[in-house]
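Please look over the sequence and the structure before reading on.

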Amino acid sequence: MCSESTKKKKKKSIERQAIMKNFIKSPLNYTGGKYKLLEQIVPHFPTNIGCFVDLFCGGCNVGINVEANKVILNDSCSQLQELYSYWKKNGYSEVKTEIVEKIDKYQLSKTNEDGFKRLRESYNATHSPIELFLLIAYSFNHQIRFNKKDEFNMPFGRNKSEFNPKMDKNLLSFINELISDKFIITNQDFTELKVEKLKENDLVYCDPPYLISTATYNENGGWNEEKEFQLLDLLDRCNSKNIKFALSNVLRHKDKSNDILIDWSEKYNVVHLNKNYSNCNYHILDREKNLTDEVLIVNTFFNKSYKKIQQKLHF
């Protein structure tokens, strides 16, 4: 017979699965994507959001799932934003047709590395959005990375990566939501955000590169202490004008701590999230030694029932 503890865990698992079915998953396996944390993050957002600014939208797992009158999906990666714009303009049917044609042209598969390399060479010459998506689909761990010449340089994901039915299903749901008029795609540096143009019912959400962790987007020093201070100053300015914000980040990772963020966060509200990096690309054997303290920092608790929600979904 199942113990009472086992029954409770099963019940929570079923509840979580039911909640997650309501969320759209990005077809991009973007590093640091927040899909698995949505049920812990979204309840902290207020109702009746005027404009939701996803300042570092990445794979758009958060922005695509937010209820708001307007959603700005912004990222400094121009290639990524061009891809989203292409999807929004052309719709799923046309996008899927082009995908099938490209897969056939380059004979893409889990084992055809030559086809992948020909596709990569073509994309770096033409910058076709569809070719970029397929490169991500067939690259190592579905990751996206560009060198200093803006050339896609991720290696082939032999025997693991491909455009599969699950990715296709996610693509369909994602594009069908993205074509809504409420979504606006922008390509700006986060420092260009005009705080003075925001209103009190707007919300700025930030999921920047993490200062103390290494990922494909941050391997070449793309994010540093100067940018960290710039972002925190921007959020302070939002707070001074009564603009709501929410910041995803990590306070500690492995044997490192972000002391800049820890000190700054003391004047706001810190929600510690429960995240098991079981799908991490780097297999960590010593889990206790490498625990990550992932948090959501908000300048006000928007949802008064957040504690009940958090208790219900916490594992």
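In this predicted model, the buried residues of helix H5 are Pro-129, Ile-130, Glu-131, Leu-132, Phe-133, Leu-134, Leu-135, Ile-136, Ala-137 and Tyr-138. Helix H5 is thus described as mostly covered, with 10 of its 10 residues buried, and what covers these buried residues includes H3, H4 and H6. For the chain as a whole, which has 315 residues, the share that counts as buried is 49%.

Two helix pairs among these elements can be set side by side. A pair of packed helices is described by the angle between the two axes and by the distance between the axes.

| Helix pair | Angle | Distance between axes |
|---|---|---|
| H3 (residues 78-106) and H6 (residues 165-178) | about 140 degrees | 9 Å |
| H4 (residues 113-126) and H5 (residues 129-138) | about 145 degrees | 9 Å |

Helix H4 passes H5 in a left-handed crossing. On the H4 side, the contact is made by Phe-116, Leu-119, Arg-120, Ser-122, Tyr-123 and Thr-126, while H5 contributes Glu-131, Leu-132, Leu-134, Leu-135 and Tyr-138. Sorted by class, the residues of this contact of H4 with H5 comprise seven nonpolar, two polar and two charged.

Helix H3 likewise passes H6 in a left-handed crossing. In this second pair, Tyr-84, Trp-87, Lys-88, Gly-91, Tyr-92, Val-95, Lys-96 and Ile-99 of H3 meet residues of H6, namely Asp-168, Leu-171, Leu-172, Phe-174, Ile-175, Asn-176 and Leu-178. The contact of H3 with H6 is made up of 10 nonpolar, two polar and three charged residues.

Between H5 and H6 runs a loop, and Gln-143 has its place there. Is Gln-143 buried or exposed? Gln-143 counts as buried because its relative accessibility is 4%, which is under the cut-off of 20%. A polar atom of the Gln-143 side chain lies 2.9 Å from the backbone oxygen of Asn-141.

The next topic is strand E5, which covers residues 244-253 and includes His-253. Since eight of the 10 residues of E5 are buried, this strand is largely enclosed by the rest of the structure. In a regular strand, the side chains alternate between the two faces of the sheet.

Which strands pair with E5, and in which sense? Strand E4 (residues 203-206) pairs with E5 in the parallel sense over four bridges, and within this pairing Leu-203 has Lys-244 of E5 as its bridge partner. Strand E8 (residues 292-298) runs antiparallel to E5 and is joined to it by seven bridges, one of which has Val-295 in E8 as the bridge partner of Asn-249. Strand E6 (residues 256-257) is also antiparallel to E5, with two bridges joining them, and here Arg-252 stands opposite Ser-257 in E6. Strands E5 and E6 form a hairpin with two residues between them, and in that turn Lys-254 has a positive phi of about 55 degrees.

His-253 of strand E5 deserves a separate description. His-253 counts as buried because its relative accessibility is 17%, where the cut-off for buried is under 20%. Leaving aside residues up to four places away in sequence, His-253 touches Ile-212, Ser-213, Leu-291 and Thr-292. With one of these, Thr-292, the side chain of His-253 is joined through its side chain by a polar contact of 2.7 Å.

A contrasting case is Ser-240, whose place is in helix H7 (residues 225-240). Ser-240 is exposed because its relative accessible area is 55%, and the cut-off for exposed is over 50%. The side chain of Ser-240 reaches the backbone oxygen of Arg-237 at 2.7 Å.

Taken over the whole chain, the secondary structure comes to nine helices and eight strands. Among contacts between residues at least 6 apart in sequence, 69% join residues that are at least 24 apart.

Terms used. Residues numbered from 1 in each chain as written. Predicted model: local features only at pLDDT ≥ 70, side-chain atom pairs only at ≥ 80, totals over all residues. Heavy atoms only, no water. Axes fitted to C-alpha atoms, helices over the stretch in contact; angles between N-to-C directions. Left-handed = near helix turned anticlockwise from the far one by under 90°. Contact = heavy atoms within 4.5 Å. Nonpolar A, V, L, I, M, F, W, Y, C, P; charged D, E, K, R; others polar. Buried < 20%, exposed > 50% of the residue type's maximum accessible area, 1.4 Å probe, protein only. Polar contact = N/O pair within 3.5 Å; in protein donor to acceptor, adjacent residues only side chain to side chain. Pairing = 2+ DSSP bridges.
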